[in-house]
Amino acid sequence: MQLVSLAQAGHAITSDILNAEVDFEHLQPPAMEGLDVLLAKRKHAHKSEPEQNGSSLVQSSPSAGWFTSKSAKKVSLASVTSIVDGLKRLYVQKLKPLEVTYRFNDFVSPLQANSDFDAKPMVMLLGQYSTGKTTFIKHLLRTSYPGAHIGPEPTTDRFVVVMNGPDERSVPGNTVAVQADMPYSGLTTFGTAFLSKFECSQMPHPLLEHITFVDTPGVLSGEKQRTQRSYDFTGVTSWFAAKCDLILLLFDPHKLDISDEFKRVIASLRGHDDKIRVVLNKADQVDTQQLMRVYGALMWSLGKVLNTPEVARVYIGSFNDKPINDTAAGPIGKEIFEKEQDDLLTDLKDVPKKACDRRINEFVKRARDAKIHAYIISHLKREMPAMMGKAKTQQRLVDNLADEFAKVQREHHLPAGDFPNIEHFREVLSGYSIDKFEKLKPKMIQTVDDMLGYDIPELLKNFRNPYD
């Protein structure tokens, strides 16, 4: 309605028009042909009906309150229709300027587009080859997806995003990465070598209207690990982990060893522990006594890799279209498998419901990371000399990053766990001239603080989770 009014008032309609300095208070509502006649007819029809609770059924026109806005610079809730819409506006107006100023996109995470906010919840499956990842997706969909290959040998050689679409087709990775309506543009940083091993599989399906699945290549083990992949497998996994709402680690009773590559992959998931679920698949291939030993061995292996005092939740079952093997599992095993499968399916059903909360959670986390990054960059800039010895000072700062991080932490009273990985930060920083960075802009930091303290709670108060 605002856009129609602005167009009728003679304003040029651009992507930034709603953020511009426009006097919404005195803007005329849109002129709609035939609306007065229609309202007159309805008013005439309502006059013959009795009043309810002492007030007339005909309400005053709501158009009077359409364009009320406290300030053009504030995020007006009148122009926001949902929590996700509100987060988009907050990001563009308040968080993105801070990220751009201090090069957050080069050091930590690429800038976000509208498609990142609108994306459906994602579930990623990880595991060594032949642990049943593709079969698991096929089992949930009750049908095969385009480009699916299933076999006892390493069959899935690429990252496949299974999502809803008008027809069944496979879209190559390079095409997917440049589509503005898909949240995969950030994958271009991994290069053509990765994009040739990435594809999107689309098909019309009621489950895919709510959830997108990410099928991954089998993690290598043994001698095959020495053959290096042509792209950063761990980096790609970490990128998807940040975007996903649930990560399923699949194990097979006959493949409990956690290889070096799998260990690196699990280590890259650090910070996303709440999303990880462990699945012991194909459990009906061993009898009850062997299953007890396998479960114990799996927990022992995981305890060495997941450095947490809590025990990871492990779902036991056989997630395929075949009936449970009664001869191996027995009546007790069959009952356990059915309960465990129901629990996991319940967990999956909750993914869309929790997606909105997770999106807010990730947004707040990103805002805090951007603030800390701004403090670090501005501190490094402040340490640089005005005239002589810039190269020597830069080298000293890069070599002693741990000490500089400690200084920033003490100065701004920040938690140590929120600081970035030192090695990765040093690697990126080496390609920059610290002298070219911006000084600290307290106004920008204050804007982000206000967003976290007032705007987001206000947004949550005005809009509820669409899945509730």
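Visitor: Which residues have the most contacts inside the largest nonpolar core?

Guide: This is a predicted model, where local features need pLDDT of at least 70 and side-chain atom pairs count only at pLDDT 80 or more, while totals for chains, interfaces and linings use all residues. Residues are numbered from 1 along each chain as its sequence is written, and side-chain values use heavy atoms, without hydrogens and water. A nonpolar core is a set of buried Ala, Val, Leu, Ile, Met, Phe, Trp, Tyr and Cys residues joined through side-chain atoms within 4.5 Å, with buried meaning under 20% relative accessible area, exposed over 50% and partly exposed in between (1.4 Å probe, protein chains only). The largest one has 50 residues, and those with the most contacts inside it are Phe159, Tyr184, Phe194, Phe198, Phe240, Leu249 and Phe251.

Visitor: Which helix gives the most to this core?

Guide: Helices here are DSSP runs (H or I, at least four residues), numbered from the N terminus. With 6 residues, the one that gives the most is H11, residues 288-305.

Visitor: Is Lys436 buried or exposed?

Guide: Lys436 sits in the loop between H15 and H16 (442-462). Its relative accessible area is 66%, so Lys436 is exposed.

Terms used
Helix = DSSP H or I, 4+ residues; strand = E, 2+ residues; numbered from the N terminus.
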